[in-house]
Amino acid sequence: MANRSEDGNHTTNQEAFCINTSFGRELHLFLVVLNICLGITAFTWNALILGALQKCSVRPPTKLLFRCLASTDLCVGLILQPLYVTYLVIRESPNVCRLLGTLTSIASGIFCGMSLTTLTAISVERLLALLLVMRYREVVTLTRVRILVAIMWAFCAISSVLFFVSFYVAVGMVSIIMVLCLVISVFCYTKIYVAFNRHQRQLAHNTPQRNSKKPGGDILLSTPRYKKTVSFSLLLQMALVTCYLPFAIVAALFSFTEVRSSLLDFAWFVALSVVMFNSTLNPILYFWKIRDVRQAVKDTMRKLVGH
């Protein structure tokens, strides 16, 4: 692949990891400070949430997915963001730059990929709870969810190895997976939203539940626990779309055009920072929407302050 000058240039796979920072020292410093703060908050908040989820009254398969999400977000703050900050700061040596760029890309592929696939799994699990109703406990078991989580970890780890082969191929695959996961999640929540609206219309017209095609689903829609988990999962999904969609667009531009410029490089840095911000945002949503989690976090904070 030919090398060209910086403005609108194509680059080799080795150069792809050394994204330039010629967009300005102030913006560069802002990204470094921002990601240091986000790393600290992501680690601290998710550590508290993991402890709080032990006391949360949610079905074990659902709780396992929530714990998987919190664990992944904790790893973003503990591993990925320190790597990313180091990558932003240490850029003098091309060899070190490529090494840090490769490690950061692999870590982001594993941990951000797990966040994305876990949130997608949560949306599918909520839809299955609505569609299967009485058969849900038989189909969605803790063992099967554990196997699914293990498969997702393996898939994200194997996919991230592509960064050793080709930066652009790996980024292209990431953008496609992101779009696919977002489409699946939007489809699931659209189905749930339509069911909620149908149920509300039935209640408004005092339609007997027996006239419904899926009375079991309508009964489930009336249960507070299902409403709460769907509401919480939907907020997680909205945060996911807000944080991941910009990166999916920038990643697609990187992969399918292989064009590089200072503006596109800066967009890459910002979009990746926004993706990692999702790991700080998710535990805030846990704290806000799940009362058991909120109370457990408050109790933990009181104990820490007391000591």
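**Second largest pocket**

The second largest pocket is lined by Cys56, Ser57, Val58, Phe66, Arg225, Lys228, Thr229, Phe232, Lys289, Ile290, Arg291 and Asp292. The model is predicted, with local features requiring pLDDT of at least 70 and side-chain atom pairs pLDDT 80 or more, whereas totals for chains, interfaces and linings use all residues. Residues are numbered from 1 along each chain as its sequence is written, and side-chain values use heavy atoms, without hydrogens and water.

**Pocket volume and lining**

- The volume of this pocket is about 260 Å³.
- On a 1 Å grid over the protein atoms alone, a pocket is an open set of points where a 1.4 Å probe fits, with protein on both sides within 12 Å along at least five of seven lines; lining residues have an atom within 4 Å of a point.
- At least two lining residues come from each of α10 (224-257) and α12 (291-306), helices being DSSP runs (H or I, at least four residues) numbered from the N terminus.
- α10 provides the largest share of the lining, four residues.
- Five lining residues are nonpolar, two polar and five charged.

**Salt bridges**

- Two salt bridges are counted, each defined as a side-chain nitrogen of Lys or Arg within 4 Å of a carboxyl oxygen of Asp or Glu.
- Arg126 and Glu125 form one of them, at 2.6 Å from N to O; both residues are buried (under 20% relative accessible area, with exposed over 50% and partly exposed in between; 1.4 Å probe, protein chains only).
- Arg302 pairs with Asp299 at 2.9 Å, N to O.
- Arg302 and Asp299 lie three residues apart in helix α12, and are therefore separated by about one helical turn.
- Arg302 is exposed at 52% relative accessible area, while Asp299 is partly exposed at 26%.

Note on methods:
Points joined across faces, edges and corners; volume = space filled by probe spheres on them. Nonpolar A, V, L, I, M, F, W, Y, C, P; charged D, E, K, R; others polar.
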